[in-house]
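Dear colleague,

I am passing on the structure below, together with some notes on what came out of going through it. Please have it open beside you while you read.

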Amino acid sequence: VYGTHCRDLRHLVAGLQQNRGLTQLHLSSMAIDNVGLRHVASALKVNSTLQSLKLSRNQIGGGGAKHL
């Protein structure tokens with residue numbers, strides 16, 4: 001579902017939901033696909049701290065981008 005970084009992304013999503021200090025996150029080249037991005041986006045709905053998210057060079061199409 002999340003390319004080669006499935007376990008890392010699941011931990012990251014859980015951490016984003018509880019984040020109180022991280023303001024920038026770079027997830028470039030993590031093999032994140034549309035499904036993975038949907039989960040990241042759902043975590044961001046409860047995260048008011050993150051100000052910058054970089055997602056370049058992933059496997060995200062228009063269907064995944066709409067979740068942001």
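Predicted model: local features only at pLDDT ≥ 70, side-chain atom pairs only at ≥ 80, totals over all residues.

Where contacts join residues at least 6 apart in sequence, 85% of them join residues at least 24 apart.

The largest nonpolar core is made up of 11 residues, namely Leu 9, Val 13, Leu 16, Leu 25, Leu 27, Ile 32, Leu 37, Val 40, Ala 43, Leu 50 and Leu 55. At least two residues of this core come from helix 1 (6-18), and at least two come from helix 2 (34-44). Ile 32, which is a member of the core, is in contact with Leu 9, Leu 27, Leu 37, Leu 55, Asn 58, Gln 59 and Ile 60, once neighbours within four places in sequence are left aside.

Gln 59, one of those partners of Ile 32, is found in the loop that runs between strand 2 and helix 3 (62-65). Because its relative accessibility is 53%, Gln 59 counts as exposed, yet beyond the residues up to four places away in sequence it touches Ala 31, Ile 32, Asp 33 and Asn 34.

With neighbours within four places in sequence set aside, the contacts of Lys 54 are with Leu 25, His 26, Leu 27 and Ser 28. For Leu 27, which is 27 residues away along the chain, the C-alpha separation from Lys 54 is 5.7 Å.

The loop between helix 2 and strand 2 contains Thr 49, and this residue is buried because its relative accessible area of 18% is under the 20% cut-off. Not counting residues up to four places away in sequence, Thr 49 touches the run formed by Asn 19, Arg 20, Gly 21, Leu 22 and Thr 23.

Most residues other than glycine have a negative phi. Ala 31, however, has a positive phi near 60°; this residue sits in the loop between strand 1 (24-26) and helix 2, and it counts as buried because its relative accessibility is 16%. Arg 57, likewise not a glycine, has a positive phi of about 55°. Its place is in the loop between strand 2 and helix 3, where Arg 57 counts as exposed because its relative accessibility is 65%.

With best regards

How values were computed. Residues numbered from 1 in each chain as written. Heavy atoms only, no water. Core = buried A, V, L, I, M, F, W, Y, C linked by side-chain atoms within 4.5 Å. Buried < 20%, exposed > 50% of the residue type's maximum accessible area, 1.4 Å probe, protein only. Helix = DSSP H or I, 4+ residues; strand = E, 2+ residues; numbered from the N terminus. Contact = heavy atoms within 4.5 Å.
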